[in-house]
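The stops below are given in the order in which they may be selected.

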Amino acid sequence: MRWRHPPVYRPLVDLSTMEERHVIITNRLDRTTILELCAQSEPDLMSAIHHPTGIPPLVQMLSELHFLASGYFQATVAIASGMSQPMFSNVLSRVLSALLKHMHSYIVFPQMEDLPTVKGDFYALGHIPNIIGAMDGTHVAFVPPAGVNKCTEIGRVTIL
């Protein structure tokens, strides 16, 4: 398909003009971390530049982070980012794949031998027993894995 006039992507998202507080509220990460993630993922995100719309890697990353942080629909985030929903769907897949390559540098789970210390440290902070991790104060709904047939009233799961 040939374009009469190739579409021009005009970014609506500009990290340099956003206040740090707004960056964190919108993306759940600070500016430095976003730029670091973008630099690490840039080789994987550059393929979109060759598309006629040419969405820059930073805009792809910001759109993806906003989508993950907000829980909005793809179409809503796409409009806010200045792209079509089908284009955002492609960006979504590309950026998630790029982020997965680097997740072990950013997401750390405690080892079994560290659990008593971690639990003790969390208890000292908030007097809540048996806490082994936290994420930026966000409440996250966990979906039980396949094969889970019963959940008790105190949150324990029985896998049958």
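Select S84 and M87 first: S84 caps the N-terminal end of α5, with a side-chain oxygen 3.2 Å from the backbone nitrogen of M87. A polar contact here is a pair of N or O atoms within 3.5 Å; within protein, one must be able to donate a hydrogen and the other to accept it, and residues adjacent in sequence count only if both atoms are side-chain atoms. The model is predicted: local features need pLDDT of at least 70 and side-chain atom pairs pLDDT 80 or more, whereas totals for chains, interfaces and linings use all residues. Residues are numbered from 1 along each chain as its sequence is written, and side-chain values use heavy atoms, without hydrogens and water.

Next, display the whole of α5, residues 85-106, which has a kink of about 40° centred on L100. The bend at a residue is the angle between axes fitted to the seven residues ending there and the seven starting there. Helices (H or I, at least four residues) and strands (E, at least two) are DSSP runs, numbered from the N terminus.

Which residues of α5 are buried? Colour M87, F88, V91, L92, V95, A98, L99 and H102. Buried means under 20% relative accessible area, exposed over 50%, and partly exposed in between (1.4 Å probe, protein chains only). The cover over these residues includes α2 (31-45), α3 (57-70) and α4 (74-81).

Stay on H102, which counts as buried because its relative accessibility is 18%. Apart from neighbours within four places in sequence, H102 is in contact (heavy atoms within 4.5 Å) with Q40 and S41.

Now select α2 and α3 together. Their axes are 9 Å apart and form an angle of about 115°; axes are lines fitted to C-alpha atoms, for helices over the stretch in contact, and angles run from 0 to 180 degrees between N-to-C directions. On the α2 side, show I34, L35, L37, C38, S41, E42 and L45; these meet P57, L58, Q60, M61, L62 and L65 of α3.

Move to T26, in helix α1 (residues 20-27). T26 counts as buried because its relative accessibility is 16%. Its side chain reaches the backbone oxygen of H22 at 2.7 Å. Beyond neighbours within four places in sequence, T26 is in contact with M18, L65, H66 and A69.

Finally, show the whole chain, which has six helices and two strands. Of its 160 residues, 26% count as buried.
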